[in-house]
Amino acid sequence: MLERARELDAADPLSEYRERFLLPEGVIYLDGNSLGALPSATPARLEQVIRGEWGEGLIRSWNDADWIGAARRVGGKIAPLIGAQPHEVVAADSTSVNLFKLIAAALDMRPGRKVILSEPGNFPTDLYMIAGLERQGLAQRRLADRGQIAEALGDDVALLLLTHVHYKSGDVFDMAALTRAAHEAGALVLWDLSHSGGALPVELNACRADFAVGCGYKYLNGGPGAPAYAFVAERHHTALNQPLTGWFGHAAPFAFSDDYAPAPGIDRLQCGTSPILGLAALEVGVELIAEIGVERLYAKSQALSEFFLEALRQWGLDLELASQPGSAARGSQLSFRHPEAYAICQALIARGVIGDFRDPDILRLGFAPAYLRFADMAEAARHLSEVIASGEWNRPEFLQRAAVT
Ligand SMILES: *Cc1c(COP(=O)(O)O)cnc(C)c1O
């Protein structure tokens with residue numbers, strides 16, 4: 001397997017991009033879906049922003065270094081990765097906060113309808129942000145299993161809120177079909193792209209999506225706690241009312257008026273001052289992913305996960321796959337179900353193979369294709385087989401749960 005892997009690596013047009021990331025020696029990183037790796041250009045860029053723009057430029061940098069335009073500029077660079085126009089995307093706040101703004105905006109656009117429809121097992125923050133509005137008496141949460149979403153779209157539904165690629169299983173929703181079904185029922189649609197943006201092609205406008213949010217620190221490699229992004233289709237820009245009416249969403253923030261007037265366009269989604277250091281790091285990651293190209297990344301991630309499954313079969317390991325068997329039906333990850341998934345994950349990490357565990361029994365391996373090699377797949381499959389065959393996971397230090405899993 002290793003020999004074939006080396007041949008595939010030699011023929012891989014993306015192999016040169018591994019050097020554009022700083023990865024520790026001896027680590028096979030299968031968790032880029034949770035925290036993307038560090039682009040090698042990021043430290044120097046941050047140094048320049050900190051010492052030059054902040055240290056030297058001081059407050060002048062709001063204009064001279066275009067800090068004032070950073071949220072829109074970075075949003076505009078994310079846009080082509082998700083099938084949006086540059087002026088439809090802004091990089092701001094966390095995914096959770098952007099969910100809040102857009103769920104509330106959707107409720108405002110559909111007076112008389114209160115239901116936010118989602119699926120059980122959606123990413124917790126998506127469900128919790130609905131719950132917060134429910135406690136204010138503004139929303140009503142309804143959950144329907146993935147197969148039954150179209151039937152649950154009654155005339156009381158204001159918004160369909162779904163995560164395009166499921167964080168645990170990697171299952172992919174049919175964005176075009178569900179968006180159409182929601183629109184036919186008179187509802188709006190908000191897609192969470194946290195596990196899609198930068199990993200697989202997304203066509204928000206071709207699917208007629210209304211809203212989207214996504215994460216900056218996963219496949220966009222923006223660093224821990226990187227700003228998230230939000231998309232609003234151009235046709236909704238004038239009608240959009242979001243409740244976090246901070247001064248950066250004002251039409252003229254530096255007029256210091258007592259009364260709020262929303263900025264035209266996507267800027268009204270901004271709330272407070274942008275985190276400039278975070279945006280600078282995110283911009284490096286986004287530019288790198290855009291340079292490699294989402295189509296090529298997706299093709300390679302499919303090849304990597306297929307190769308990994310083949311390597312497991314070669315080792316005779318029969319693990320229960322919790323993801324779809326065909327690579328076209330899943331995102332850039334493979335999830336396996338095992339009662340000892342937590343300890344197996346810890347034993348793998350001790351061997352330098354970093355994946356993650358998702359409660360209660362999922363071992364999740366992400367295949368961020370920008371920096372992974374086929375040889376990493378062969379090696380990771382060998383480690384996983386050895387850990388399970390030898391029972392190596394069954395040690396007290398691997399069974400002990402940590403605070404962050
Ligand atoms: C990672 C992730 C988030 C993260 O939300 P934050 O507010 O940035 O912590 C949201 N939604 C999904 C589906 C995710 O996978």
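**Patches, rings, strands and charges**

Me: How much accessible area do Ile50, Trp54, Leu58, Ile59 and Leu277 have together?
Reply: These five residues form a nonpolar patch on the surface. A patch takes residues with over 30% relative accessible area and no salt bridge; like charges are joined within 9 Å, and nonpolar side chains (Val, Leu, Ile, Met, Phe, Trp, Tyr) within 5 Å. Areas come from the Shrake-Rupley method with a 1.4 Å probe, and for residues only the protein chains shown count as cover. Together the accessible area is about 510 Å².

Me: Which pLDDT do local features need in this model?
Reply: Numbering starts from 1 along each chain as its sequence is written, and side-chain values rest on heavy atoms, without hydrogens and water. The model is predicted: totals for chains, interfaces and linings use all residues, side-chain atom pairs count only at pLDDT 80 or more, and local features need a pLDDT of at least 70.

Me: Is Ile59 buried or exposed?
Reply: Ile59 is found in the loop between helix H2 (42–56) and helix H3 (61–64). Helices (H or I, at least four residues) and strands (E, at least two) are DSSP runs, numbered from the N terminus. Buried means under 20% relative accessible area, exposed over 50%, and partly exposed in between (1.4 Å probe, protein chains only). At 68% relative accessibility, Ile59 counts as exposed.

Me: How many aromatic pairs does the count come to?
Reply: Rings of Phe, Tyr and Trp (its six-membered ring) pair if their centres lie within 6.5 Å. Planes under 30 degrees apart are stacked, over 60 edge-to-face, and the rest tilted. By this rule the number of aromatic pairs is 15.

Me: How many residues apart in sequence are the parts that Phe173 and Trp191 tie together?
Reply: Phe173 and Trp191 form a tilted pair, 6.3 Å centre to centre with 55 degrees between the planes. Phe173 is in the loop between strand E7 (157–163) and helix H7 (175–184), while Trp191 is in strand E8 (residues 188–192), so the pair joins parts whose separation in residues is 18.

Me: Which relative accessibility does Trp191 have?
Reply: Phe173 is buried at 7% relative accessibility. Trp191 is buried too. Its value is 0%.

Me: Which residue lies over the face of Phe173?
Reply: A charge sits over a ring if NZ of Lys or CZ of Arg is within 6 Å of the ring centre and within 35 degrees of the ring normal. Over Phe173, at 3.8 Å from the ring centre, lies Arg146.

Me: Which strands are the edge strands of the open sheet?
Reply: Four strands form this sheet in the order E11-E12-E15-E14, with antiparallel pairing. Two strands pair if DSSP finds at least two bridges between them. Pairing on one side only are strand E11 (320–321) and strand E14 (356–358).

Me: Which residue in E15 stands opposite Ser335?
Reply: Strand E12 (residues 333–337) runs antiparallel to strand E15 (residues 362–366), joined by five bridges. Four of the five residues of E12 are buried, so it is largely enclosed by the rest of the structure. Opposite Ser335 is Arg364.

Me: Which residue in E12 is the bridge partner of Leu321?
Reply: E11 and E12 pair in the antiparallel sense over two bridges. The partner of Leu321 is Phe336.

Me: How many salt bridges does the structure hold?
Reply: Side chains of opposite charge can pair when their charged atoms come close. A salt bridge is a side-chain nitrogen of Lys or Arg within 4 Å of a carboxyl oxygen of Asp or Glu. The total is 27.

Me: How many residues apart are Arg4 and Glu310?
Reply: Their closest N and O atoms are 2.9 Å apart in a salt bridge. Arg4 is partly exposed at 39% relative accessibility, and Glu310 is partly exposed at 26%. Arg4 belongs to helix H1 (residues 2–11) and Glu310 to helix H9 (residues 294–314), distant parts of the chain with a separation in residues of 306.

Me: Where does Asp156 lie?
Reply: Arg142 and Asp156 form a salt bridge, with the closest N and O atoms 2.6 Å apart. Arg142 lies in strand E6 (residues 140–143). Asp156 lies in the loop between E6 and E7.
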